[in-house]
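Subject: Structure for you to look at

Hello,

I am passing on the structure we talked about. Please open it and read the notes below alongside it.

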Amino acid sequence: MYSSFAGLALKIVGLIMILSSLLDYLVLIIPSPGVSPLQNEWQLNLTTQLVDRGVIPMVGIAFLVAGYWISNNSGGSLPERKSSITDLRFWAFLLSSLLGLLFLLLVPLHFNNVRIQSNQAIEQITQRAEEAETQLETQVQQIDTLLQDPSQLERLEQAIGQAEGEQLQRLTALREQLQAIKQDPEAIAQRREQAQTQIRSRRQELEQRARTEALKRGIRIGLSSLLLAIGYSIIGWMGLRNLGS
């Protein structure tokens with residue numbers, strides 16, 4: 001009696017886990033309004049969530065199969081004999097095979113999306129670094145112009161005489177900087193070199209971080225998806241093969 005009840009309970013729990021997982025997957029694959037399924041970020045998030053939830057249907061299938069096994073081998077109970085079409089195990093094993101194919105297809109898709117996202121991140125880092133170097137060169141040229149053109153220095157002194165508050169502080173700081181550079185002409189070249197070194201060092205650091213994060217994300221989700229594909233495929237293939245025995 002208790003074995004029959006345990007078998008029935010396992011069947012119910014397994015079926016609920018499978019159906020709830022399928023419902024969850026259905027909700028996940030429907031993009032939010034304004035989001036295109038072709039967007040790289042959406043595909044990455046979808047793959048990550050599918051893989052993170054991937055073991056739940058497998059546990060549900062295991063519970064369902066275990067429930068049938070207990071029911072068929074409990075004392076005083078006749079084995080359940082049903083055609084494959086009406087046997088829940090057939091549909092569970094078929095679903096397992098399909099999930100195995102799904103997670104197998106997600107492996108190259110995920111690695112490709114990670115590669116694209118990593119390249120985009122590196123391109124943005126490179127663009128920002130180039131913009132920072134361009135801005136630095138512009139500032140250096142402006143300082144050179146001020147030093148070489150006495151009229152520009154006169155205008156600066158006039159602006160300082162008319163400025164107030166924060167503007168006065170900025171202009172005064174600029175005048176002091178120009179005076180220091182005028183006394184030491186090599187200072188501007190040294191500062192430019194230091195600034196360029198900092199920009200390039202920061203660029204290398206950010207690029208390495210982007211590559212590392214992409215590698216970690218690719219390995220975790222990609223290998224997990226591959227393991228799920230292998231597990232589901234084995235369960236589905238062996239289950240369908242031995243269902244009639």
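Below is what was found, from the whole chain down to single residues.

Please keep in mind that this is a predicted model.

Overall make-up. The chain holds seven helices and zero strands, so to speak of its order along the sequence is to write α-α-α-α-α-α-α. Of its 245 residues, 31% count as buried. The accessible surface of the chain is about 15,900 Å², and carbon and sulfur atoms make up 59% of that area. Among contacts with a separation of 6 or more, 80% are between residues 24 or more positions apart.

Main core. The largest nonpolar core is made of 20 residues. Tyr 25, Leu 50, Leu 99, Phe 103, Leu 228 and Tyr 232 have the most contacts inside this core. At least two of the core residues come from each of these helices: H1 (2–28), H2 (40–52), H3 (55–73), H4 (88–148) and H7 (186–242). H4 gives the largest share, with five residues.

Another core, of five residues, lies apart from the largest one. Its members include Ala 129, Leu 136, Val 140 and Ala 195.

Regards

Notes
Residues numbered from 1 in each chain as written. Predicted model: local features only at pLDDT ≥ 70, side-chain atom pairs only at ≥ 80, totals over all residues. Heavy atoms only, no water. Core = buried A, V, L, I, M, F, W, Y, C linked by side-chain atoms within 4.5 Å. Buried < 20%, exposed > 50% of the residue type's maximum accessible area, 1.4 Å probe, protein only. Helix = DSSP H or I, 4+ residues; strand = E, 2+ residues; numbered from the N terminus. Contact = heavy atoms within 4.5 Å. Areas by Shrake-Rupley, 256 points an atom, 1.4 Å probe, with all protein chains shown as cover.
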